[in-house]
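Reader: I am new to this structure and would like to understand the words used to describe it. Could you take me through them with care?

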Amino acid sequence: NPHKKLGPQINYTITGIDAGAGIMASTQNALKEYPLAQNKWQLQTSSTAAMTSTLAKAIKYKQPIVVTGWQPHWMFKKFPLKFLKDPKNVYGSSEQIHTIARKGLAKDNPGAYKILKQFHWTPSEMSDVMLQTNASVDPKVAADNFIKKNPKLYQEWTKGAPRGNGKAVKLTYVAWDSEIASTNVMAEVLNKMGYKTTIQALEMQPMWASIATNAADASLSAWLPNTAGLYMKQYKDKIDDVGPNLNGAKVGLAVPKYMKNINSIEDLIN
Ligand code: PBE
């Protein structure tokens, strides 16, 4: 019923993901700024998997739901979703995903560093890998498939870089679908170039710390300037910001398109 107030229908709840995610911190800010919290709204912590499965169920029955949403992610391909307008710009307009490296990597391993620096792709290229893994293809196989299909990209990324001759590279990442995709592609690219790459999934804080303390070489998981902004602020003197590996990422609140009267975060409290 479009004339019924939204809040009571969904228990004033925004369905979120894991507590450590930047989108959760941004949503806490949104609760204050709009002000949603003052109007009974709350953010429910869960996981990406639980959020997408709750979303799938709501969409199946055309029920209202508000989720923490971001792109690139297969949820926007699989479900009819729209971002809510954010007139107070709490989530920032557009995000980039950056590659960060430990200080000293450029000097110790200039070949791997060059490849990391030259690695750049589009949301739709990243989505190709994510859709494969979402269809249960092993991430390593999905990465390999992608490289085979995109020899030109492989050439661009590795251009002018020396062979690795077994030199070790350790990548850390946060196990979001997007970073599972990028990290596995990078590992396969480095391995094809003769480097010996290991990858390790960590929570957000230890991932940043691993680069800042030289425990790992690089990570492709830094959503900036907003989503991981607090970590960048904390670690910016202790890491090397190699630069963006993807432009045009976006973070915010999302609802199914059939919620025609809800188009802005401000509409949640009307
Ligand atoms: N995300 C996906 C992450 C970054 C990648 C938007 C859920 C977050 O920290 O919120």
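Author: Domain bounds come from an automatic or database domain assignment, and a residue is near a molecule if its C-beta atom, placed from the backbone, lies within 6 Å of it. This is a predicted model, in which local features need pLDDT of at least 70, side-chain atom pairs count only at pLDDT 80 or more, and totals for chains, interfaces and linings use all residues. Residues are numbered from 1 along each chain as its sequence is written.

Reader: What makes up the shell around the ligand, and from which domains does the shell draw residues?

Author: The shell draws at least three residues from each of domain 1 (6-93 + 251-269) and domain 2 (95-249). Among the residues around the ligand are Ile-17, Trp-70, Trp-176 and Val-251.

Reader: How many residues of domain 1 are in contact with domain 2?

Author: Two residues are in contact if their C-beta atoms, placed from the backbone, lie within 7 Å, and 14 residues of domain 1 are in contact with 20 residues of domain 2. The centres of the two domains, taken over C-alpha atoms, are 28 Å apart.

Reader: Why is a set of residues called a nonpolar core?

Author: The name applies because the set holds buried Ala, Val, Leu, Ile, Met, Phe, Trp, Tyr and Cys residues joined through C-beta atoms within 7 Å, where buried asks for 20 or more other C-beta atoms within 10 Å of a residue's own, exposed for 12 or fewer, and partly exposed lies in between. The largest such core has 48 residues, including Ala-101, Ile-115 and Leu-190, and a second, separate core of 28 residues includes Leu-43 and Val-251.
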